[in-house]
Amino acid sequence: MKKRVAILISGGGSNMVSLVDAMQSGKIDAKPVLVLSNNADAGGIAKARDKGVATEVVDHRLYNGDRVAFEIALHNTITKYNPDILCLAGFMRVLTAGFIKKWEGKMLNIHPSLLPKYTGLHTHQRAIDASDSKAGCSVHIVTAKLDDGPLLRQAEVPILTGDTAETLAARVLIEEHKLYPAALEAFVDKY
Ligand code: GRF
């Protein structure tokens, strides 16, 4: 039986597209059963629909800062699709330990830095400001600590003279689109 994968996004969803394409082409032995966004305006929702993947929006703003209520709605929506694996792909909400526990060992995330360096936001600017010679991206299993958890794969890119956060982010994103499908493929194979 193919593993069922739900992908959580907040924005453009380019990583989501790379995952869906890898599954739909048969490169990954898994099926994308849901793309869910916390943001109704996320461009990725239309992209997922175009690819024939079910979509849902659970708008965190409706819960007025009540993270637990939001996560109950999130969990109830996700479980309707019976996924085996959750992939966070540019999902910009911090999840509580209670939610993460429900998906322990089954939830992956991609982060645009060479973890453990630069958890959180503004990773590219922070790497440039620190005069690092390289940046990159990491796929890891999600644990209760933000951008922590066992690393599955990383890819490095050089930081070039004159790089801005934008030019570096664009170069890292190209690697993200290769890294995440490769990490999911290996994860599914060992599942
Ligand atoms: C990616 O850089 C991802 O690593 C970060 O947010 C960005 C999302 O891009 N967490 P996209 O929505 O996948 O295009």
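The exercises below concern aromatic pairs and salt bridges in a predicted model.

**Exercise 1.** Classify the geometry of the aromatic pair Y63 and F70, and state whether each residue is buried, partly exposed or exposed.

*Solution.* Begin with the total, which is 2 aromatic pairs in the structure. For Y63 and F70 the ring centres lie 6.0 Å apart and the planes meet at 55°, so this pair is tilted, given that planes must be over 60 degrees apart to count as edge-to-face. Turning to accessibility, Y63 has a relative accessible area of 26% and is partly exposed, whereas F70, at 5%, is buried.

**Exercise 2.** Determine the class of the aromatic pair F187 and Y191, and describe the accessibility of its two members.

*Solution.* The centres of F187 and Y191 are 6.0 Å apart, and with 70° between the planes the pair is edge-to-face. F187 counts as buried at 13% relative accessibility, while Y191 counts as partly exposed at 40%.

**Exercise 3.** Locate the partners of the salt bridge between K51 and D21, and explain what the pair ties together.

*Solution.* The structure holds 10 salt bridges, and in the one between K51 and D21 the closest N and O atoms are 2.8 Å apart. K51 lies in the loop between α2 and β3 and D21 in helix α1, so the pair ties together parts that are 30 residues apart in sequence. K51 is partly exposed at 28%, and D21 is partly exposed at 33%.

Note on methods:
Residues are numbered from 1 along each chain as its sequence is written. This is a predicted model: local features need pLDDT of at least 70, side-chain atom pairs count only at pLDDT 80 or more; totals for chains, interfaces and linings use all residues. Side-chain values use heavy atoms; hydrogens and water are left out. Rings of Phe, Tyr and Trp (its six-membered ring) pair if their centres lie within 6.5 Å; planes under 30 degrees apart count as stacked, over 60 as edge-to-face and the rest as tilted. Buried means under 20% relative accessible area, exposed over 50%, partly exposed in between (1.4 Å probe, protein chains only). A salt bridge is a side-chain nitrogen of Lys or Arg within 4 Å of a carboxyl oxygen of Asp or Glu. Helices (H or I, at least four residues) and strands (E, at least two) are DSSP runs, numbered from the N terminus.
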